[in-house]
Amino acid sequence: MRYHPFVLPFSFGLAFLLIYTSIIWIRWINRLSENDKQLLRKNLFSFNTLAAIREVFMESLMHRKIFRKNVFLGFMHMSLAFGWFMLILIGNLESRTYTAGRINPPYFPIFFKFFRHDLAPLKKLEAYFGFWMDFFLLIVLLGLSLAFIKRAHSKVLGIKRTTKHIIIDKIALTSLWFIFPLRLLAEGFSAALYKTGNFLTSFMGDEILSGIASPTLYLQAWWAYSIALGIFFITLPFSRYMHIPTEILLIFLRRYGVKEKEQHSSFTKIEINACSRCGICIDACPITALPESSETQSAYFLREMRYDKPTNNQNESCLLCMRCEEACPVGIEITRIRENERKEYQLFASESYNYLTSPKNAAKGKVAFFAGCMGHLTPGVIKATLALFKAANVNYTFIDEEGSICCGRPLMQNGQTDAGISLRQINKDLILNSGAEILVSSCPICTREFIEHYVLGIPVFHHSQYILELAMSKKLSFRNNSTKIVYHDPCELSRGLNIIEEPRQLLRLAGELIHSPENSGKQQSLCCGGSLGNTNLSANQRKSIAENTLSGILSDKADIVATACPLCKKSLACSNKNIEILDIAQIMLEALIAPKFIPENTVESTKMESNLTYSPEINSIISE
Amino acid sequence: MKDFGFSPMKNKVLNFDELNHDFHQWIAIQDSSFNLCIACGTCASTCSAGSYTHFSFRELCKDIRWGNAEKAMKESEKCMLCGKCSIACPRNINTRNIIKMVRKAAKTSPL
Ligand code: SF4
Ligand code: SF4
Ligand code: SF4
Ligand code: SF4
């Protein structure tokens with residue numbers, strides 16, 4: 001027998017799934033920009049394809065990134081994906097071997113134990129196939145029980161919150177949960193009646209089902225198994241499980257160099273559909289800890305993007321801190337998508353700042369120092385930085401000393417492209433007018449904006465990098481007074497610019513760095529809550545995020561909290577914790593071994609200028 | 001106008017009957033922190049746009065309260081969303097959110 005009506009739900013579901021996904025894939029690829037299509041054509045037959053295949057195996061099947069974050073969660077995802085994949089693969093091999101290479105209908109391997117009770121043609125291989133099929137079924141069932149525990153008591157697996165799902169996801173999830181227990185039941189009945197089982201299915205058949213096994217129940221179990229598969233396949237394209245086919249497409253396109261653009265594109269659609277709503281970003285998001293419930297987190301934001309439109313609150317309550325993006329195992333460019341989503345309303349125009357006049361005769365210097373708006377709110381940071389520059393005889397000019405003009409990043413983060421670009425131009429003139437060879441800013445927000453979006457033609461450094469450089473080239477020396485320092489990574493510096501080690505290296509010259517899991521020197525640092533990318537949160541909400549962050553990084557041994565961002569400094573200082581928060585420049589100034597007295601007027605003289613030499617690294621950047 | 005024997009300067013006269021008081025109401029509903037402003041001027045002294053123009057959040061607040069909706073909407077465009085005012089404000093007013101609301105109103109006239 002090679003056919004029975006019970007295979008219909010499965011076959012119909014599978015056919016629907018394949019046709020539907022192919023149509024969607026073709027549509028997505030068709031709507032990619034011409035540039036992206038070219039990338040696709042160019043790279044299709046290159047090593048990138050091999051790399052993509054490898055990545056699909058490592059991520060979509062083995063879920064390596066999730067493993068790294070949480071072993072239980074990794075095992076859960078891996079066992080379901082890889083286990084199921086192996087069941088399909090071995091099942092196909094088994095039925096192919098059985099029919100001596102003849103092509104079988106797609107349902108045949110899935111329901112093999114229903115159609116074939118006499119396994120003799122498999123000869124010796126019977127035991128191997130039987131064993132591995134049962135083994136992977138067991139693995140999948142183990143993963144399933146973990147998934148069940150995660151839903152019921154997520155804390156056991158080290159997860160604070162799981163995603164709240166919508167109805168279509170619940171239907172798909174329920175059918176998925178039923179598939180494998182039903183398979184075990186159906187194969188158990190086969191084992192009980194026809195002795196087709198291996199260790200697991202025989203156990204099921206002989207020990208549990210032997211009393212009740214009857215041909216009617218047996219057939220019903222196979223029907224139920226097929227129906228569960230059918231429902232899952234039909235709901236898949238409309239539920240979170242669409243991520244399974246989409247993630248594969250995403251991995252290939254990303255390997256070919258396709259990226260998010262300045263506006264939404266067809267690629268955005270692919271990214272949005274690749275979100276599995278796994279909820280890993282929910283625990284990562286600082287908003288989650290706020291008492292007010294909100295659906296700001298990316299799992300919900302992307303879901304709204306997919307089915308409808310994110311609400312104002314979902315769109316604007318986000319801090320753009322990038323913690324979700326860092327945590328996301330699929331690697332979706334969430335922050336870009338969010339920024340683009342905010343571009344819908346242009347509230348400011350490029351003419352908005354016509355009242356600003358570009359400075360004409362700016363003071364000249366080799367190093368331009370830009371404090372930025374936030375810098376101007378923390379004059380202590382400016383003073384300390386400039387004092388260090390003076391001590392090292394740096395020929396600098398403080399370009400935004402007279403009133404700050406915003407670098408444009410807050411406008412850009414709020415989707416105000418036209419206005420942001422006009423501010424960029426004004427500051428660019430300001431910087432280039434100074435004739436500087438290097439630009440240094442004490443604000444990570446400005447620094448990132450300069451590096452990523454201003455085309456200046458001169459190297460840009462964050463002040464922590466530059467002070468470290470001065471220390472390394474022996475222009476400054478520090479006394480280590482064993483102060484116990486906890487360092488808070490600013491989002492824009494750590495996740496934004498990957499400047500993580502430099503501030504630490506510098507602080508180690510002044511004191512002893514204290515570690516906690518939350519400031520481990522990786523990209524997972526917490527957000528201070530101050531972010532200018534957000535206009536929606538109230539002062540109290542921001543304060544409560546700052547409190548959480550401080551409790552996360554503080555240990556009772558610490559004397560000072562160091563940070564490298566004027567905004568972080570301000571935000572953290574709002575909390576009720578009784579600890580001093582200082583900028584890295586202030587700490588370094590404390591620890592500075594005072595140089596021999598240098599008369600004020602020689603600091604900027606040309607004689608001193610010639611003494612200014614940089615390490616080979618910086619020199620190479622300058623000469624580039 | 002009634003003759004009191006003295007009169008205010010012409011350019012300082014506001015005719016309350018002609019002004020737009022709904023706008024104040026609307027803003028206060030959009031962001032409840034609006035009414036907390038005590039016009040202390042901290043925001044004005046730090047405002048980035050304020051070092052080049054007469055604009056500041058305090059001015060904006062005053063215009064909205066007096067019913068000068070038109071002027072508020074026009075002036076609000078000068079803000080750079082730099083965020084200094086919201087950090088400086090002793091009353092924890094969500095200034096940038098309010099400025100965005102005023103801008104939205106200017107673009108979409110919701111009233
Ligand atoms: S955005 Fe990433 S981390 Fe968040 S639910 Fe989607 S796949 Fe998971
Ligand atoms: S960027 Fe930060 S605040 Fe926004 S959703 Fe992601 S983790 Fe949450
Ligand atoms: S600082 Fe705050 S309270 Fe003072 S005038 Fe500005 S908005 Fe009003
Ligand atoms: S955000 Fe606007 S109003 Fe506030 S200080 Fe900056 S420029 Fe002034």
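This is a predicted model: local features need pLDDT of at least 70, side-chain atom pairs count only at pLDDT 80 or more; totals for chains, interfaces and linings use all residues.
# Notebook: salt bridges, interfaces and ligand shells

I started with one pair in chain A: the side chains of Asp206(A) and Lys195(A) form a salt bridge, N to O at 3.5 Å. I'm using the term for a side-chain nitrogen of Lys or Arg within 4 Å of a carboxyl oxygen of Asp or Glu. The two partners are eleven residues apart and link distant parts of the chain, with Asp206(A) in helix H10 (residues 199-209) and Lys195(A) in the loop between H9 and H10 of chain A. Helices here are DSSP runs (H or I, at least four residues), numbered from the N terminus. Over all chains, I get 30 salt bridges in the structure.

Residues are numbered from 1 along each chain as its sequence is written, chains are lettered from A and ligands numbered from 1 in the order in which they are written, and side-chain values use heavy atoms, with hydrogens and water left out.

**Chain B against chain A**

Next I looked up how the two chains meet. On the chain B side 25 residues are in contact with 36 residues of chain A, contact being heavy atoms within 4.5 Å. I put the buried area at about 2,500 Å² between the two chains, 60% of it on carbon and sulfur atoms. That area is the accessible area (1.4 Å probe) that two parts lose on being put together, summed over both. Which residues of chain B lose the most area to chain A? They are Tyr52(B), Met80(B) and Lys100(B), together 25% of what that side buries.

Lys100(B) turned up again: its side chain meets that of Glu316(A) in a salt bridge at 3.6 Å, N to O. The count between chain B and chain A is two salt bridges. I also find eleven residue pairs in polar contact across this interface, both residues at pLDDT 80 or more. A polar contact is a pair of N or O atoms within 3.5 Å; within protein, one must be able to donate a hydrogen and the other to accept it, and residues adjacent in sequence count only if both atoms are side-chain atoms.

Helix H5 (84-88) and helix H6 (95-108) of chain B each supply at least two residues of the side that touches chain A. H6(B) gives the largest share of that side, seven residues. By class, the side of chain B that touches chain A has eight nonpolar, nine polar and eight charged residues. My classes: Ala, Val, Leu, Ile, Met, Phe, Trp, Tyr, Cys and Pro are nonpolar, Asp, Glu, Lys and Arg are charged, and the others, Gly among them, are polar.

**Domains 1 and 2 of chain A**

Chain A is assigned domain 1 (5-20 + 47-238), domain 2 (266-342), domain 3 (351-466) and domain 4 (478-622), with bounds from an automatic or database domain assignment. Domain 1 and domain 2 of chain A bury about 1,400 Å² between them, 45% of it on carbon and sulfur atoms. In domain 1, Arg161(A), Thr163(A) and Lys164(A) lose the most area to domain 2, together 36% of what that side buries. Lys164(A) also has a salt bridge with Glu295(A), side chain to side chain, 3.5 Å N to O.

**Ligand shells**

Last, the ligands. Of the 13 residues around ligand 1, Cys275(A), Cys278(A), Gly279(A), Cys281(A) and Cys328(A) come nearest; I take a residue as near if one of its heavy atoms lies within 4 Å of the molecule. The ligand 1 shell divides into ten nonpolar, two polar and one charged.

Over in chain B, the residues around ligand 3 include Cys37(B), Cys40(B), Cys43(B) and Cys89(B). Around ligand 4 I noted, among them, Cys47(B), Cys79(B), Cys82(B) and Cys85(B). Met80(B) is also one of the residues around ligand 4. By class, the ligand 4 shell has nine nonpolar, two polar and one charged residues.
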